Amino acid sequence: MRHVIKACWAAALSLTALAPVARADDYQLSHNQRISCSRGLAPGKLNTATCRSYTYLFNTKTSEYFRCQVSLALTRDNKEVINVQTDGGCTKKPRIFETDGHYDFDATETEPPNTNSFFGPGGYSVWAADMASQKIRGCITISSGLGSDISKCLDMTFQ
């Protein structure tokens with residue numbers, strides 16, 4: 001009887017090993033996280049510091065991605081912390097490539113508004129590569145200052 005049970009277990013294990021495995025989408029975090037902070041003075045000698053950081057989460061199968069941001073605002077006087085507020089979330093962005101595949105990805109953003117930023121908060125660039133062929137697409141998104149962002153992608157040529 002023990003041999004029959006072992007044989008059944010061996011058969012079941014071999015069948016599960018041969019069955020195709022459904023592979024879930026793989027996600028990759030961008031390698032280019034940044035943090036920027038600003039400080040301000042408020043009436044009554046209150047100091048406020050606000051820090052923001054962002055990253056991108058990329059679906060390596062579909063080339064869809066999410067832009068994620070977190071912020072923390074701290075208000076204090078000379079003796080104690082008065083208020084701490086946090087906010088954040090991820091926004092889904094469109095696919096970079098039209099078909100599913102195996103992609104690699106990275107992204108970066110401009111610094112916060114300064115003299116080099118003509119259109120408000122600036123923008124970001126996204127690079128994606130098809131890992132199965134020699135195909136790279138670069139995308140740039142900037143704030144138009146008129147309500148909607150402008151985003152364009154370009155396939156790279158190899159010479």
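Author: In this predicted model, the link of Cys-139 and Cys-153 is right-handed, with 110° about the S-S bond. Cys-139 lies in strand E8 and Cys-153 in strand E9, so the pair ties together parts that are 14 residues apart in sequence.

Reader: What makes Cys-139 and Cys-153 a disulfide?

Author: Their sulfur atoms are 2.0 Å apart. The cut-off is within 2.5 Å, so the pair qualifies. By this rule the count comes to 2 disulfides.

Reader: Which cysteines form the other link, and how do you know that they do?

Author: Cys-68 and Cys-90 form a disulfide, with 2.0 Å between their sulfur atoms, and the limit is again 2.5 Å. Cys-68 lies in strand E4 and Cys-90 in strand E5, so parts 22 residues apart in sequence are tied together.

Reader: Why is Cys-139 called buried, and what is Cys-153 called?

Author: Cys-139 has a relative accessible area of 6%; buried means under 20%, so the label applies. Cys-153 has 42%, which falls between 20% and 50%, so Cys-153 is partly exposed.

Reader: How do you know that strands E8 and E9 pair?

Author: The requirement is at least two bridges, and E8 (residues 135-143) and E9 have 7, so they pair, in the antiparallel sense. Cys-139 stands opposite Cys-153 in E9.

Reader: What makes E6 and E9 edge strands?

Author: The open sheet has the order E6-E7-E8-E9. E6 (103-109) and E9 (149-155) each have a single partner strand, so one side of each is left without a neighbour in the sheet.

Methods. Residues are numbered from 1 along each chain as its sequence is written. This is a predicted model: local features need pLDDT of at least 70, side-chain atom pairs count only at pLDDT 80 or more; totals for chains, interfaces and linings use all residues. Side-chain values use heavy atoms; hydrogens and water are left out. Helices (H or I, at least four residues) and strands (E, at least two) are DSSP runs, numbered from the N terminus. Buried means under 20% relative accessible area, exposed over 50%, partly exposed in between (1.4 Å probe, protein chains only).
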